[in-house]
Amino acid sequence: VQTIEIKLFQKLKIYKQVWDANTLALIDEAADDAKFVDSLIVMYDEGHAGFYFIKRNFTKLYTTITNSLPKKKANMMDIYNKKVDAFDRKVWRYIFETFDVDKLKAVVVAGPGIPKTRLLDRLKDIDKHETDMDMRTKIKTNVFKFVAISTSSTYKSAIEEIMKDPRGIKVLEDTKAVRETQKLGEFFEMLQKSPERAVYGEKEIAIAHREGAIKSLLIIDGLLRAKNFNVRRKYTKLKNELESAGTDIFVFSENHISGQKLKDITGIAAVLKFPVDLSELYAEDEDDGVEAEDANIETDDPLNTSFIIEGASLYADSDDDDGEDDEH
């Protein structure tokens, strides 16, 4: 592992002999702020709103909106309330005019105090607070995606508090792999109802790929990022070949519960277009069983002599010629 420091606006060139498609896709995603954004976090307080993108690999500040508000005084409450109303309206209009909320899976409004819940309450009762009919429709269609979570501040560091909050964990983690979670459920359902059309394991997938039977592939990202180059190359090649053939590919994060479930069953699985013959694997298992049975050799050797199996031959570590025991 190598670590280097890259400063803001510093140009960086990376030269590598072989770039796999998965790595290039991750770089492309990181280079485009708005690409593959799952969720939006709005750090919200009186007169302040900070907008953060939540992506698979990092959290990024998009922009902030600030307005100065008058102090709360008995003789100025009307002015204060009008300023607050105007700021809330400015924020929700900015959200729906700037971001493609239809494609977002969640919008978390977080911060200390009541501003976050006030904003959410107004969105839920938008007819009383918004005059633009199109804006009303957009908000009503997507208000179910909004959730309010308390944090100690509106600084970026407070996002960590959201990640530790039970509701924050559920909202943000589940949205990152919602398609994958659904597909994994479909796989297990197929495995139960039509087991001949659902396979998992390296050898089973290889046979299904050879027969052109894979309809959709499910694979954990750990296999595509394996430190062992041969392992990484093998699974990257499989993914690329299937993508070229128009197969649906679902890459699961090992950090998500769905990825852990897939990892428990070898980390790779597939839903098939049609059943395939896996009898050759059963034949291999039988051969392995015979070899294992042949290798079950009893011995009275008190030193527990070790045997090394090489093909059909057995080689035992022998005692020294002088008959003395080895020193241990």
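**Salt bridges, a helix pair and a surface patch**

Asp 125 is partly exposed, with 32% relative accessible area. The structure is a predicted model. Asp 125 pairs with Lys 128 in a salt bridge, and the closest N and O atoms lie 3.4 Å apart. Lys 128 is exposed, because its relative accessibility of 66% is above the 50% cut-off. Side chains of opposite charge can pair when their charged atoms come close.

The count of salt bridges in the model is 18. Another of these pairs joins Arg 210 to Glu 211, with 3.3 Å from N to O. Arg 210 is exposed, at 53% relative accessible area. Glu 211 is partly exposed, at 43%. Its value falls between the 20% and 50% limits, so the residue counts as neither buried nor exposed.

Arg 225 and Asp 221 form a further salt bridge. Here the N to O distance is 3.4 Å. Asp 221 is buried, because its relative accessible area of 15% is under the 20% limit. Arg 225, in contrast, is partly exposed, with a relative accessibility of 47%.

Two helices pack against each other. Helix α2 spans residues 77-98, and helix α4 spans residues 133-142. Their axes are 11 Å apart and meet at an angle of about 80°. That angle lies between 65 and 115 degrees, so α2 and α4 count as roughly perpendicular. On the α2 side, the contact is made by Trp 92, Arg 93, Phe 96 and Glu 97. On the α4 side, Met 135, Lys 138, Ile 139 and Asn 142 take part.

The surface also carries a nonpolar patch. Ile 4, Ile 6, Leu 12 and Ile 14 form this patch. Together, these residues have about 400 Å² of accessible area. Ile 14 sits in the segment before α1, a helix that covers residues 21-31. Ile 14 is exposed, because its relative accessible area of 55% is over the 50% cut-off.

Notes:
Residues are numbered from 1 along each chain as its sequence is written. This is a predicted model: local features need pLDDT of at least 70, side-chain atom pairs count only at pLDDT 80 or more; totals for chains, interfaces and linings use all residues. Side-chain values use heavy atoms; hydrogens and water are left out. Patches are made of residues with over 30% relative accessible area and no salt bridge: like charges are joined within 9 Å, nonpolar side chains (Val, Leu, Ile, Met, Phe, Trp, Tyr) within 5 Å. Accessible areas come from the Shrake-Rupley method with a 1.4 Å probe; for residues, only the protein chains shown count as cover. A salt bridge is a side-chain nitrogen of Lys or Arg within 4 Å of a carboxyl oxygen of Asp or Glu. Helices (H or I, at least four residues) and strands (E, at least two) are DSSP runs, numbered from the N terminus. Buried means under 20% relative accessible area, exposed over 50%, partly exposed in between (1.4 Å probe, protein chains only). Axes are lines fitted to C-alpha atoms, for helices over the stretch in contact, and angles run from 0 to 180 degrees between N-to-C directions. Angles under 35 degrees count as roughly parallel, over 145 as roughly antiparallel, 65 to 115 as roughly perpendicular and the rest as oblique. Contact means heavy atoms within 4.5 Å.
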